[in-house]
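This briefing goes through one structure by topic, beginning with the contact between its chains and moving on to individual helices and strands. Please read it alongside the sequence and the coordinates shown here.

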Amino acid sequence: MEATPPPFFKRGPSPAFRFGVFALFAVVLMVLDARLKYLEPARQAISIILYPLQQMAAAPGAVIGRITDYFTAKDAVQTENSRLRDETLRQAAALQELEALRRENTELRSLLEAKARLTPSSVLAEVLYGARDPFSRKLIIDKGLTDAIQPGVAVVDSEGVIGQVTRVYPFVAEVTQISDKNQAVPVQNVRSGLRAIVFGNGKDGTLDLRFMPVSADVQVGDTLVTSGIDGVYPPGLPVARVIDIERNAALAFARITCAPLGGVDRRGHVLVLTTRRDLPERPVEPSEPGPKGKKPRRDDS
Amino acid sequence: MTPLARPQEILLPVTTGLIAVTVLGALMVNLVPLPLGVLAVRPDFCALVLVYWGIHQPRRVGFTVAFLLGLSIDLVNASLFGQHALVYVALLFAAIGLHRRVLNFSLVGQSLHILPLLFAGDLISIAVRLLAGDELPAPAHFAGALIGALMWIPLSVLFRLPRLPKTSPDRV
């Protein structure tokens, strides 16, 4: 056996060894993150450290945006102003009607002894950026744990549903858009009342209405609104419009493609609906300890 | 013509400050919010800077730095926690392995070495995400590696500037 001479300079472990150790560590982290979700504290810590850097990186763009806003031509502002005024007038009329309907609804519900609907509360947030992950569709918004945002709440804009908050950091939150491959929204067809579930396509920002029989009553141009049966999205929010239907009798289901109505991939302001609906508890198996959510709701306000 | 025949220039030594500034700068550039269409083809400057220092100063930039940088990028990109960490550690390892060879080439020849490296980094990302249950990204995503390899040339010129001797050697 030939012994290798001792090295002249102490260099520590070889790069290959170090690479192996770190690669193994990375793989373990990924498995933990993808399967077990144990890494939230580490994520939170790095998020806090990165936040000032992110703010600094976003500052030039924000300043340029503000300057562009300042120099926007006067007539453009005037056009927008008159449009907004028209819209306000129209909405005011609708709002008065809504007020009357709401009162009527409360009375009817009390007559029926149904549970009163929660008054929705919401937080206005700004979309900071679309996450640069080519495999998923996520947005980062500028409100987080400090603004009492919980994972799982719905996010909408003026046109319709955008998605759902999936991860919350102290100052920012991740919103998974409805066009993400792993996102599903229970919907109802406004025209026919048919209930279904739309899934994100993940590739081109469209949605698929899956598992609809070939004979299902769906037409191009139908509007889909949330049905509210999942307890995540409040009922009646516009989600998507059917843009293409491919009926092939050889297949069990029709291929129905929808375009989201909410401003997916657009920047701007969104509304985070912070109220979780108070649904009856899911029946649990007797072997499990009692449901956790039974605690009485605290009314801080 | 042997590549080694080119006169070797004498540059100032690399300070830890320069490495820290460039790595932090790359992180900042990666953090700049851009429209999604631009983001899809933007090269990963963190990867590029790590490869640069892996090739130029293989003993100065460590795997821990690459790993933590990768975790930060994972967090900001909302990708799998550890995905970029794995890619950066692999890129640094490859860069250290190649460092004796690459610097003998001209800048164009060097960038031709960088291209397969960045491309392989993308492939690791894709393999990881396919295993995690995601689908292939849009083809435009691969343009990032190509643009990154082209960026190697201006980046090399830029990073050499702080190391130029303060005065001309002829003017003693």
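In this predicted model, 36 residues of chain A are in contact with 35 residues of chain B. On the chain A side, the elements that each give two or more residues to this contact are α1 (15-36), α2 (40-70) and β1 (122-130).

**The side of chain A that touches chain B**

- With eleven residues, α1(A) provides the largest share of the side of chain A that touches chain B.
- By residue class, that side of chain A divides into 21 nonpolar, nine charged and six polar residues.

**Chain A as a whole**

- Chain A holds twelve strands and three helices, and 28% of its 301 residues are buried.
- Among the contacts in chain A with a separation of 6 or more, 56% are made by residues 24 or more positions apart.

**Strand pairing in chain A**

- Strand β6(A), residues 184-189, and strand β9(A), residues 223-226, pair in the antiparallel sense over three bridges, and within this part of the chain A:N189 has A:L224 of β9(A) as its bridge partner.
- Strand β9(A) is also joined by three bridges to strand β10(A), residues 238-246, and these two strands run antiparallel; here the bridge partner of A:T223 is A:R241 in β10(A).
- In a regular strand, side chains alternate between the two faces of the sheet.

**Helix α1 of chain B**

- Helix α1(B), residues 16-31, has 16 residues and reaches 23 Å from its first C-alpha to its last, which is close to the 22 Å expected at 1.5 Å a residue.
- The buried residues of α1(B) are B:T22, B:V23, B:A26, B:L27, B:N30 and B:L31.
- An α-helix has 3.6 residues a turn, so residues three or four places apart point the same way.
- The buried residues of α1(B) pack against α2 of chain A, and also against α3 (45-56), α4 (63-77) and α7 (143-160) of chain B.

**Helix α5 of chain B**

- Helix α5(B) is mostly covered, since 15 of its 20 residues are buried.

Note on methods:
Residues are numbered from 1 along each chain as its sequence is written. Chains are lettered from A and ligands numbered from 1 in the order in which they are written. This is a predicted model: local features need pLDDT of at least 70, side-chain atom pairs count only at pLDDT 80 or more; totals for chains, interfaces and linings use all residues. Helices (H or I, at least four residues) and strands (E, at least two) are DSSP runs, numbered from the N terminus. A residue is buried if 20 or more other C-beta atoms lie within 10 Å of its own, exposed if 12 or fewer, and partly exposed in between; C-beta atoms are placed from the backbone. Two residues are in contact if their C-beta atoms, placed from the backbone, lie within 7 Å. Ala, Val, Leu, Ile, Met, Phe, Trp, Tyr, Cys and Pro count as nonpolar, Asp, Glu, Lys and Arg as charged, and the others, Gly among them, as polar. The expected span of a helix is 1.5 Å times one less than its number of residues. Two strands pair if DSSP finds at least two bridges between them.
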